[in-house]
Amino acid sequence: MRVAIIHYWLLNMRGGEKVLEALCRLVPDADIFTLFYDPESVSPTIRSHRITSSFLQPLRRHYRSMLPLMPMALENFDLRGYDLIVSSESGPAKGIIVPSGARHICYCHTPMRYLWDLYPAYRNDWTRSRVKRAMMTPFSNYLRLWDYASAARVDEFIANSENVRRRIAKTYRREATVIFPPVAVESFYAKPSEDYYLIVSELVAYKNIDAAVRVFSNSGRKLKIAGDGPEFAALKRLATPNIEFCGRVSDAELHELFARCRAFLMPGEEDFGITAVEALASGKPVIALARGGALETIPCYGGILYREAGDEGLRDAIEQWDSREKGIDPEALQAWAARFSEAEFAAKIGPILSYRPSDLR
């Protein structure tokens, strides 16, 4: 079979790109199509494939502002001659036009948050400019109609969690198979804990990193934050000296940060939460908001799941954690994390990818 993989953009190596990397290993001859591509920002495994970027590529520095043009760019890809098309989706990637004889599988990390679940927050809370808010209304309406219609182009949806499966059913009225994303659990390791908590995240508003910064600024506890994003400057202004911003770190540095932390924090709702699994694979507990993917990835003995979003809920959870810290068994956490390995992912998705469209007739 000739296989094409469509990924929204290749500008960093976060959770979606790690799924893409695993797909590249499963289908080593696949071609990749993407809206924006920065070769220096992705792994050698991804770079080894033939990659085609869209006509928006010259504008990649402004990719967050290009959303209204993305449907046109995706529909411009020429996918003739491919038997299987796999879209890796948390943006508009599934909107490609597929040949009538090809099969289209969408691995969905989530329907677009800024159009559906989080649209009111993006428009009313996180967009300060009145002009931008006014422009969002007609553009978002058009994009929601297109996004819903493009779901009909997909032959089979795969969701990365039960949480996302429910969102797909609610948003697109489509059923989905749940296959957890791959995590390189065997590459993580535990070391004696040092006196700091850890966040690994893109610094965007919906992750609620600001709540953690305020809580730790007030308590004086040490916090390290690995990651970058549009909220970086605002968060740094909130922070006191006990909070360290590590920026984007290498894989080796990330493994060390996980291995030596006291606990990992996840103060926002995650679709799945690969970083929480990476913390568990490092033998470290997780303090997380009890919503979304955290309910599927963190066992009852794996830390604290707190229900009240915001500063007070997180502060109470950390204080509760103080009395439970000595009861943590790192080996039990690592054994739990093994169920999210890349081998498990390959065993479940491999058979779905292996049959041809003609096999369905």
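1. Two strands count as paired here if DSSP finds at least two bridges between them; strands (E, at least two residues) and helices (H or I, at least four) are DSSP runs numbered from the N terminus. A quick word on the source: this is a predicted model, in which local features need pLDDT of at least 70, side-chain atom pairs count only at pLDDT 80 or more, and totals for chains, interfaces and linings use all residues. Residues are numbered from 1 along each chain as its sequence is written, and side-chain values use heavy atoms, with hydrogens and water left out.

2. Now to the sheet: it is open, with 7 strands in the order 3-2-1-4-5-6-7 and parallel pairing. Strand 3 (51–53) and strand 7 (176–178) are the edges, and each has a single partner strand, so one side of each lacks a neighbour in the sheet.

3. Have a look at strand 1 (residues 3–7), which pairs with strand 4 (residues 84–89) in the parallel sense over 5 bridges. Within that pairing, H7 has S88 of strand 4 as its bridge partner.

4. Helix 7 (residues 209–219) has I209, A211, A212, V213, V215, F216 and S217 as its buried residues (under 20% relative accessible area with a 1.4 Å probe, protein chains only). Their cover includes strand 8 (197–200), strand 9 (223–226), helix 8 (232–238), strand 10 (243–247), strand 11 (263–266) and helix 12 (311–322), by contact (heavy atoms within 4.5 Å). Just after helix 7, G220 has a positive phi of about 80°.

5. Finally, F139 sits in helix 5 (residues 130–150). With 37% relative accessibility, F139 is partly exposed, the class between buried and exposed (over 50%).
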